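Here is a walk through one protein chain, written for someone who will have the model open alongside. Let's go through it piece by piece.

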Amino acid sequence: MVERNRELGTPLPPRALGERPRVPFAGAASRSERASEDGTSTGEVGEHELAILRDQLLGPELRRIAAIERRLERRGLTPEDVARVLPAAIRLRQSHDGQLGRALGPTLEGAIQDSVRRNPTAISEALFPVLGPAIRRSIGAALSGLVESFNAALGASLGLRGLRWHLEARRTGRSFAEVALLHSIAWRTELVLLVHRETGTLLLSAQADALTPARTTPDGDVVSAMLAAIQDFVSDSFADGERTQLNRIAFDDRTLHVAVGPKVTLAALVRGAPPAEFVAQIQETCDLVHVLATARLAGFRGDTTPFVTLQPTLDDLLREEKVVHRSSRRGLLTWSLALVVASGLCIGWIAQRAAETARLASAVEALRAEPGVVVVSAARQAGRPALVLMRDPDAAAVTRVLLDAGVDPELLDIHEEPYVCLMPQFVQQRALAALSPPPTVDVELHGGRLVLRGTASHRWIQRVDPVASALPGVTSVDLAALVDIDEGRVTSSSFRLERSALTFAPGEARPAVEVTEQTDLRQMVQLLANGARSVGWVVRVELLGSATDEEVLADPSLALRRAYAAERLVETWSDGVLMLEASDARAQGRAAPAPEVRFRVTIHGTGQ
């Protein structure tokens, strides 16, 4: 730019970009004239004013040239440039093919996913006006179809016709829905295939609804491949100078109608006998496909996506015609009779079930009120009311409780499990059964403490504590009020024996016969021996022989021999249970001036 200014004249003085040039004022000429008058040079002043004039005239063009030079130096597009041409470029590219949509698809999907994760409420509010009515319409259509299907199934399942269909379904192994469908339609399109004629590729298919069982629905790819193979076989084997085409394949109660066009083959699998108008419609649909997809068929390279728009055209061929079954007067009577019988059976079943429920409730109420019985569950099992119980062995029998409540036990399945009830009456009853107390003993239960009162044998008392303590519900055993009769018998017998004496005739060392048969003395010894045996005590009896002074002078050993004789006699009476010791009373310092033997009893284990 400086060089260009040099060509035009003297370079301009430097100034900022966009700065407005200084315009010379009217006094400039007068100043020049005054300078000339003063004798100064006017060439310099004239060139400066010329440069100012040049900048004023050519300044805008020079600035535009500078902007163009800066853009050329950057050699790129600015965001402003792209924004100006982007909308027109998108419209132009989209009019050529669908590559732009496929390229932007992943980016838009990712952007939508990020937006949903960040703010799902905004997306839901934006879609609600569109999805709400659609969802309501879809639900309404589904419910309407459900009601219609239910009405149709109900009408077909009742009556003689429905019975025949049930028998046929059982005989053939098919479901009742399939049999009813076969008898309810005159003809029905189950599958429509659009096959590319040259390559045999399945371009599009349409299939009937879910009323057709999955096991009878053929695979579209398999059918299209086999159809192409059969067409080639027929064309190669039976050609008569021109290309021969297969128009129909029949098997069982289904027929495959084939319409052949220049580019595609349209096949419709029909169950039953369709009218001629429908067969003609298949050919018309094949021709319509050629009209609607001429460009796509001409440029077909294996991609079937462009043919999705033809789906409604194929769906129009999914048609069916139902058979109208006319009812008769006899059918109405049959229906009425069946309804009456069904109503009677239903009422009887309801009454029976109500009676069983009431019976079960009465049984449960009676058993829950019985002590020692716990109702675990009450429900129907295997078609009969059943009870699962836990019963204490000492509780009342379940059958008796049910009979008292007016319930027949034979009408119930009762499963009974034993358990131990800790109620006081059952604890006391178990204690009586385990201890078997004699009539002289009273057994009472206070809380968990078992109290025994009365008299009993020592052997029975000894087994009370270990047996009673092991009983469930017994925490302690109180024997303070229980008297041991064996201990009392030993004590009283020893007391009476010590106050008795075995007498001898004067000068005799052996007791007289009448003395040995004294029942009182013998009974005392036997009671003492039996008591000692029962209690388990060791009883020591010391026999002290005595003699008068005259007898001692005549026989000093007479007293000791009398003690030995008494020892042998007492040992015979006691069966050897008592520990006996014979001694001379005079030697013990207890001499008595009498011909007799006295007793001194010592009981070991009682502190006596």
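Helix H21 spans residues 558-574, and its 17 residues reach 24 Å from the first C-alpha to the last, close to the 24 Å expected at 1.5 Å a residue. That expected span is 1.5 Å times one less than the number of residues in the helix. Helices here are DSSP runs of H or I with at least four residues, strands are runs of E with at least two, and both are numbered from the N terminus. The buried residues of H21 include Leu558, Arg562, Glu567, Leu569 and Trp573; buried means under 20% relative accessible area, exposed over 50%, and partly exposed in between, with a 1.4 Å probe and protein chains only. Just after H21, Asp575 takes a positive phi of about 60°.

A word on the source: this is a predicted model, where local features need pLDDT of at least 70 and side-chain atom pairs count only at pLDDT 80 or more, while totals for chains, interfaces and linings use all residues. Residues are numbered from 1 along each chain as its sequence is written, and side-chain values use heavy atoms, leaving out hydrogens and water.

Now to helix H17, residues 485-498. Its 14 residues reach 20 Å between the first and last C-alpha, close to the 20 Å expected at 1.5 Å a residue. In H17, Asp486, Val490, Ser493, Ser494 and Leu497 are buried. They cover an arc of only 100° around the axis, so they lie on the same side of H17; the arc is that of the directions from the helix axis to the C-beta atoms. What do the buried residues of H17 pack against? Their partners are helices H16 (458-469) and H19 (519-535), together with strands S13 (482-484), S15 (538-545) and S17 (596-604).

S10 pairs with strand S11 (residues 449-456) in the antiparallel sense over six bridges, where pairing requires at least two DSSP bridges between the strands. Val441 stands opposite Gly454 in S11. The two strands form a hairpin with two residues between them, and Gly447 in the turn has a positive phi of about 70°.

| Residue | Relative accessibility | Class |
|---|---|---|
| Cys286 | 0% | buried |
| Cys421 | 5% | buried |
| Thr285 | 7% | buried |
| Glu198 | 60% | exposed |

On the subject of cysteines, the count of disulfides comes to zero, taking a disulfide as a pair of cysteine sulfur atoms within 2.5 Å. Thr285 is found in helix H10 (residues 276-292). Leaving aside its neighbours within four places in sequence, Thr285 is in contact with Leu266, Thr313 and Leu317, contact meaning heavy atoms within 4.5 Å. Glu198 is in the loop between strand S1 (185-196) and strand S2 (202-207). Glu198 and Val264 are 66 residues apart in sequence, with 7.9 Å from C-alpha to C-alpha.

Finally, the chain as a whole. The chain holds 21 helices and 17 strands, and buried residues make up 30% of its 608 residues. Among contacts between residues at least 6 apart in sequence, 64% join residues at least 24 apart.
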